[in-house]
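This report concerns the pairing of charged side chains. The sequence and structure are shown first.

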Amino acid sequence: MSRLIIVSNRVAPISEGGPAAGGLAVGVYDALKETGGMWFGWSGDVLSSGQPQIKVEERGPVTFATIALMRRDYDQYYRGFSNATLWPAFHYRADLLQYDRHDFEGYCRVNAWLAQQLVPLLRDDDVIWVHDYHLIPFAQALRAAGVKNRIGFFLHIPFPASQVLLAVPPHRELVEALCSFDLLGFQTAPDLRAFCDYIVNEANGSVDNAGSSGPLTVHAFGRTLRAAAYPIGVYPDEIAELAKAGERGKPVRTMKATLHSRKLIMSVDRLDYSKGLVERFRAFERLLEHATAQRNKVSFLQIAPPTRADMHAYQDIRLQLEGESGRINGRFAELDWTPILYIHKQYERSVLAALFRTAHVGYVTPLRDGMNLVAKEYVSAQDPENPGVLVLSRFAGAAQELEGALIVNPVDIDGMAEALATALQMPLAERQARHRDMMVQLRENNVSVWRDNFMRDLQAVGARVKAAKSAKSKVVTAGKKRAVRKKPAV
C-alpha cells in the first residue's frame, strides 16, 4: 500500500486533549493517524543564524518531519506573500492586500527549498497530499526536481472569484503552479466554480465534466488535471464524547456557576479580520437594544485565541474588539451581569466541546470562510435531548451543508440580532429536529469520508496516468515491430 505524505505550511504540535488547533491541523491529523505516514512542514521555529536541519520524530503511526525557517524566509514567504497578499485576497478583502515583488520571490524560493528538503525522504510509490495557500507552487517545485509521484492539493480557504484574484499581480503564475498538481480539492462547489471560471476566461483553458459525477477534467497551461469539491468534516461522535467528559471539568462548572441560569451565546474564532468579529459584537448589542427582555438573561462568550500577533492588521482587530466589548459592557452591564465575556486565550478541545454543549446558541458568522469547523463542532457537541441552535454565516463553507442552522448575512446587523432572538426563543421540538438533521449530515461526511474521497480520486488519477503511459508504450513497441517487418532484406 502506498504511503501517505502530508505537506502543510505548519506541522501543528497536536496532542490528544491538548490545546485546540485550527481546522487544517485537526483535519489533517485525524486523517493521517488512521492510515499512518509522514507529515512534513515548518516547525514554527524562526532562526536568525545557522542552517535549518530536518527533525524527524516518530509518534505512533505518524512520522513528523519538521524544519525551521530563516528570518528572511519567514518574513517574505509567511508574513509577506502568504498572509499579507494571499490571505486577504482569498477572503475577498482586496482592500487589505499588500504586495511586494520580493515577497513573491521569497514565497517561490521557500516553496522550492522545502520541496528540496522533502525529496530525499520520498519513496517511489508515496502519494503526496499538499495543503493550503502557503504551498501553491510546491508541486511545480517537486516536478522540477524530477518527482513523478502522484501529488494532490487541498485548499482550506475560499478560492476567490476571478475579478478578485486578478488583484493579486502574479495571479497567472499562481494558477499555472496549481495546474502542476494531479488533483485539486476545494471546500465547496462555489470555490470550484470560481477556479473553473478563471481557467476558462483568464487562462484560455477548458473544463470537461464528461457527464460523470466524479472530478472535473481541467486542461490548462499544457497540463491535464482533475478538480472537485471535498468538504472537510469532523468526527461528531468523538466530539460528543469530549463534550460529555469536559462537562465535569472545573472551567465548565465555573462557567455554569457564573451564568446563574442565564442563557449563553458562544463563539470561538482565531483573532482575524475575516471572522466578522466586530459585526458580531454589534449584532449582540442590537439584540440588547431591541429585545430588552433579554437584558440580564443572556451572556455572550467570545473566545478569540491570538494569531499572527506580529502583523499590524491583527493587532488592530484585537484593539478594536477590546474597545467594542468595553463599550458594550459599559452601556449594558449591571452589578451582577457582564454582557460580553471576551477571552483572548486558547483552551483544550475537551473544554471547548463542553462549553459548546453548555451554550444555547452557537454564533458563527465569518465574513468569508473556507469551511469553519467550529460550526460543525458546535452541532456535534450538543445534547440531542436539549440541543442549542446554530446561527451561521451564509459565507462559511459549512452553510452549504448545515441547513438546520439559522443562516445569516454577517454584514446585516439587524438580521443577525433577529436570528439571535429567534434562536434564544426556539421551541424544543424545532431545536431537536434541526439538530437531528444536521447530525445526519455530519456523520455522513466526516473526516474519514473527506480523506477517503480525495485519496480515491487521487489514486484514480494515478491509475489513468499509468494506463496512458502503458498504452503509449504499447503503441511505440507495435510501431517498432511494424518497422522491423517492413525493413527490406539485405
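The structure is a predicted model, in which local features need pLDDT of at least 70 and side-chain atom pairs count only at pLDDT 80 or more, while totals for chains, interfaces and linings use all residues. Residues are numbered from 1 along each chain as its sequence is written, and side-chain values use heavy atoms, with hydrogens and water left out.

Across the whole structure, 27 salt bridges are found (a side-chain nitrogen of Lys or Arg within 4 Å of a carboxyl oxygen of Asp or Glu). Three of them are listed below.

| Pair | Closest N to O |
|---|---|
| Asp237 and Arg443 | 2.9 Å |
| Arg331 and Glu285 | 2.8 Å |

Asp237 and Arg443 form a salt bridge. This pair links distant parts of the chain, 206 residues apart: Asp237 lies in helix α8 (residues 236-246) and Arg443 in helix α15 (residues 428-444). Helices are DSSP runs (H or I, at least four residues) numbered from the N terminus. Asp237 is partly exposed at 40% relative accessible area, and Arg443 is partly exposed at 44%; buried means under 20%, exposed over 50%, and partly exposed in between (1.4 Å probe, protein chains only).

A salt bridge also joins Arg331 to Glu285. Here helix α11 (residues 312-332) supplies Arg331 and helix α10 (residues 277-290) supplies Glu285, 46 residues apart. Arg331 is partly exposed at 47%, whereas Glu285 is buried at 7%.

Arg286 and Glu289 are separated by about one helical turn, because they stand three residues apart in helix α10. Salt bridges with shared partners join Arg282, Glu285, Arg286, Glu289, Glu324, Arg327, Arg331 and Asp414 into one network.

Methods:
Helix = DSSP H or I, 4+ residues; strand = E, 2+ residues; numbered from the N terminus.
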